Structure formats: C-alpha cells, structure tokens
Amino acid sequence: MMKFEDYKKYLSPVFAKQTDLIAKSASGCYLTDINGEKYLDFVQGIAVNALGHNYPTVVKAIQEQAGNLVNASFNLVNYESTLTLAKKLSELAPGNLSSIFFSNGGAEATDSALKLAMSYSGRSAVIAFMGSFHGRTVGATAITGSNSKYRKHYNPLMGNVYFAPYPGKDLCPAGMTEEERTDYALFELNKLLKYVVYPEDVACIYMEPVMGEGGYVVPSKKFVQSVREICDKHGILLIFDEIQCGYGRTGKMWASQNFDVVPDIMTVGKAIAGGLPMSAVISTPEIMDKWPVGTHGTTFGGNPCAAAAGCAVLKEFEDGTLIENVNKMGAYLKEKLFALKEKYPCISDVRGIGLMVAIEFSHEDGSPAPDIWAKVKKGCLERHMLTLNCGVNGNGMRFATPLNVKKEEIDEGLAILEASIQAL
C-alpha cells in the first residue's frame with residue numbers, strides 16, 4: 001500500500017503539506033484518497049475549482065483539446081481555444097480592460113503586472129499593503145505583506161517597495177470601527193506619499209480588492225474608491241489582484257464591481273481554467289501597447305488545453321445562475337456561521353462576501369488562537385473534511401467551496417465543523 005511517508009524523502013520539505021493524504025479521484029465537492037476514503041473538500045485547490053472537481057464539461061473540453069494539440073508554444077503559433085478565451089475575457093472584464101497576457105500561475109501574473117506597470121509609467125516604485133499576499137516569486141514576494149516568514153533569508157528582494165496598512169482589524173489599532181480603520185489606512189497611505197516615496201516615482205498601487213490569504217477581509221467602498229482617487233491624482237496605475245477574489249467568488253464576476261471601481265491592470269488566476277494552471281494579466285490596449293515587444297514572455301502561457309478548460313468554465317457563467325447561487329449560498333453560509341459564533345465564544349469573527357467567507361478563532365482574552373484553529377482543523381480532517389486557514393495570525397478558517405455548492409453540502413461541512421469545535 002502506498003504511503004506518503006515512503007515518498008517524503010523525494011520531495012523538498014520547503015513545500016508545506018497540509019495533510020498526508022494521497023488523492024486518487026474527485027467529483028464536485030468531494031475528494032477520494034487511495035484508500036477509498038471520501039472527504040468533503042471545502043478548499044477546492046484554494047478556490048481553484050470554481051465548479052467543483054472534475055466538472056463534466058470542463059473535463060470534456062480538456063480531453064477534446066488534448067486529443068488535437070497539447071502545446072506548440074503560443075509565441076510560435078496561435079491556438080483557437082486561447083484566442084476564444086481572450087475574446088470572452090475581454091468582453092467580461094470591467095471598463096476598457098480588453099488586452100490580455102496569459103501566464104501559468106498567480107505569482108507569475110503578479111511579476112508580469114509589475115513589469116507592465118513599470119514599463120508603461122517609466123517609474124519604478126510600488127506601493128502594496130500589509131496583510132497582502134501576491135505569490136512567492138522574487139517580485140511577488142517583495143510586495144507580499146501577510147507574513148514576514150515569506151521574506152526570511154531572501155532579502156534584498158526587488159527594491160523600491162513600500163507598504164501601507166490595509167483596513168483590516170488585525171492591521172489597524174485595536175478597537176477601531178470599520179470607518180475608523182478606513183480613515184486610518186487612508187491617512188497612512190497619504191502620509192507614505194508625503195514623507196517617504198514621491199508620488200511621481202510610483203508606478204502602481206498593488207492591492208487585493210478583497211484580501212485573500214490575509215484573512216478574507218472586505219474593505220469599505222470608501223477605502224477602495226479613495227485609493228482609486230489617489231492613483232488618478234498622481235498618475236499612478238491601480239492594479240487589482242483578483243486571483244483569488246475574482247471569477248464570481250464575491251457574488252459578482254469581479255470583486256472590483258462590489259466597489260464600483262475599475263483598475264488599470266487586473267490579474268486573474270486560480271478559477272480561470274477549471275483546475276489547470278493558468279493566469280492572466282488584463283489591461284487596456286493603451287497600457288499594453290506601450291509594453292515593448294519581447295521584453296516579457298512565457299513558454300507555457302496560453303496553453304490550449306488550459307484555454308479550452310477556461311472557455312468551458314466561462315460557459316457556466318452565461319445564464320447568471322452560478323452567480324445567483326454564490327449570493328444565495330453565501331448568505332446562507334454566513335447566517336449559519338453567525339449562529340455558531342453566538343454558540344461558541346472561541347469564534348470571534350465572521351466576515352466575507354459571496355462565497356469568500358471566513359471565521360476567526362480567539363482566546364477568551366481576545367488574543368488570536370491559531371492553536372485552537374489547529375485542533376479544529378485536525379478534528380475536521382478526522383471527520384473527513386479538508387480545510388485551510390487564513391489571516392495574518394493564522395487563526396482564521398476560510399470557506400472556499402465551489403461556486404455551485406449545494407445547501408446540503410454546506411450543512412454537512414458545518415456539522416463537521418461544529419462537531420470538531422465541540423470535541424475541544
């Protein structure tokens with residue numbers, strides 16, 4: 001019988017493993033290991049499987065494309081499926097964002113967006129936010145502020161990067177209301193531009209419109225709109241990282257639509273290709289046209305199999321029922337989580353939007369409780385549910401269900417969660 005322990009010596013320990021499970025198959029909300037044990041998957045590849053595991057039309061699209069052509073390099077020839085996906089994305093993207101560069105993962109998209117912003121603006125400084133996560137490449141790590149461990153031993157990283165606080169309760173002085181956190185974060189951002197980095201040296205402000213790894217934090221509309229205004233005032237490009245919060249996750253196709261703000265550049269990934277590695281940078285033709293030819297590229301970006309899957313994923317959004325389900329099930333999930341919060345004092349917060357929802361565990365004195373989370377996670381795994389934390393203190397639990405999740409599946413997961421909390 002295959003055991004993960006027998007293979008650990010062949011895998012670098014730098015890649016943190018959440019479980020020792022060896023997956024065999026999956027369908028919808030469920031994953032089955034090599035022992036035939038079935039698990040409710042509330043992680044879904046970290047919000048990758050927007051339609052659940054092995055969605056039939058996505059699988060069919062991949063199979064058909066693989067039977068014709070797997071790869072020939074997008075810089076050498078064009079692919080029908082990739083051109084079709086580009087056209088569909090340009091029609092769906094907000095504002096005039098209609099020019100697309102395809103890559104393979106979120107961090108790669110981050111680096112691409114940074115290079116695009118610098119090339120277009122002729123500036124080199126970048127402002128990012130504490131609490132943010134944008135990936136683990138050198139460029140993406142340089143603008144990630146969710147945990148200092150990601151930067152350990154790697155400095156100096158890309159230079160000329162500055163951080164401002166995001167208006168989350170863990171990133172602002174204790175006891176502040178949402179309005180006070182908004183004002184504080186904007187004050188600090190303006191102070192940064194006044195005292196530390198000259199505005200006309202800043203190429204871009206890089207932000208998650210809804211924070212992912214940092215804790216599923218939803219900022220106020222005032223904050224996001226004010227950042228847009230600051231960018232417009234100083235000729236700074238606004239980049240939205242929608243890699244986790246995009247693609248219907250927040251109850252709208254793009255998280256930016258919740259704030260009535262259109263960025264200059266947007267990165268997408270995770271859910272884009274039904275489980276295959278793919279990401280994209282989307283911007284205006286004006287900005288993209290000033291990116292000198294040959295100064296950036298990719299070997300596997302725009303892969304035809306991933307693009308075929310991407311077209312199948314977008315097909316499921318067309319009639320509006322998927323987004324409708326996100327809002328309906330997201331409201332139901334939050335209602336049930338608030339009920340658990342009333343029942344169990346260790347749950348100190350419930351937050352999120354759409355099906356981008358998280359809870360937070362704290363001790364009786366209000367301090368973060370990653371130790372409680374670790375025990376809850378262990379209990380959930382023993383009861384056959386896959387979970388994942390979030391938050392700058394590691395004490396949050398995120399719910400990254402498929403967007404087409406059913407009420408019965410949410411109920412099953414909540415029952416497992418409650419049983420795991422009771423067992424403490």
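Before anything else, a cut-off for my notes: I call a residue buried when its relative accessible area is under 20%. I also keep in mind that this is a predicted model.

**Entry: aromatic pairs.** I looked up the ring pairs and got a count of 10 aromatic pairs. I picked out F129 and Y166, whose ring centres are 5.9 Å apart with planes at 80°, so I noted the pair as edge-to-face. F129 sits in strand 5 and Y166 in the loop between strand 6 and helix 6, so this pair ties together parts that are 37 residues apart in sequence. By the cut-off above, F129 and Y166 are buried. I then found that ring pairs link F129 and Y166 with F223 into a cluster.

**Entry: a charge over a ring.** I checked K38 and found its charged end over the ring of Y30, 4.7 Å from the ring centre.

**Entry: helix 3.** This helix runs over residues 80-92, and its 13 residues reach 19 Å from first C-alpha to last, close to the expected 18 Å. Which residues of helix 3 are buried? I found S81, T82, L85 and L89. They cover an arc of only 95° around the axis, so they lie on the same side of helix 3. Helix 2, strand 4 and helix 9 are among what covers them. On the face turned away from that buried side, I noted E80, K87 and E91 as exposed.

**Entry: F187.** I located F187 in helix 6. F187 is exposed, at a relative accessible area of 53%.

Key
Residues are numbered from 1 along each chain as its sequence is written. This is a predicted model: local features need pLDDT of at least 70, side-chain atom pairs count only at pLDDT 80 or more; totals for chains, interfaces and linings use all residues. Side-chain values use heavy atoms; hydrogens and water are left out. Helices (H or I, at least four residues) and strands (E, at least two) are DSSP runs, numbered from the N terminus. Buried means under 20% relative accessible area, exposed over 50%, partly exposed in between (1.4 Å probe, protein chains only). Rings of Phe, Tyr and Trp (its six-membered ring) pair if their centres lie within 6.5 Å; planes under 30 degrees apart count as stacked, over 60 as edge-to-face and the rest as tilted. A charge sits over a ring if NZ of Lys or CZ of Arg is within 6 Å of the ring centre and within 35 degrees of the ring normal. The expected span of a helix is 1.5 Å times one less than its number of residues. The arc is that of the directions from the helix axis to the C-beta atoms. Contact means heavy atoms within 4.5 Å.
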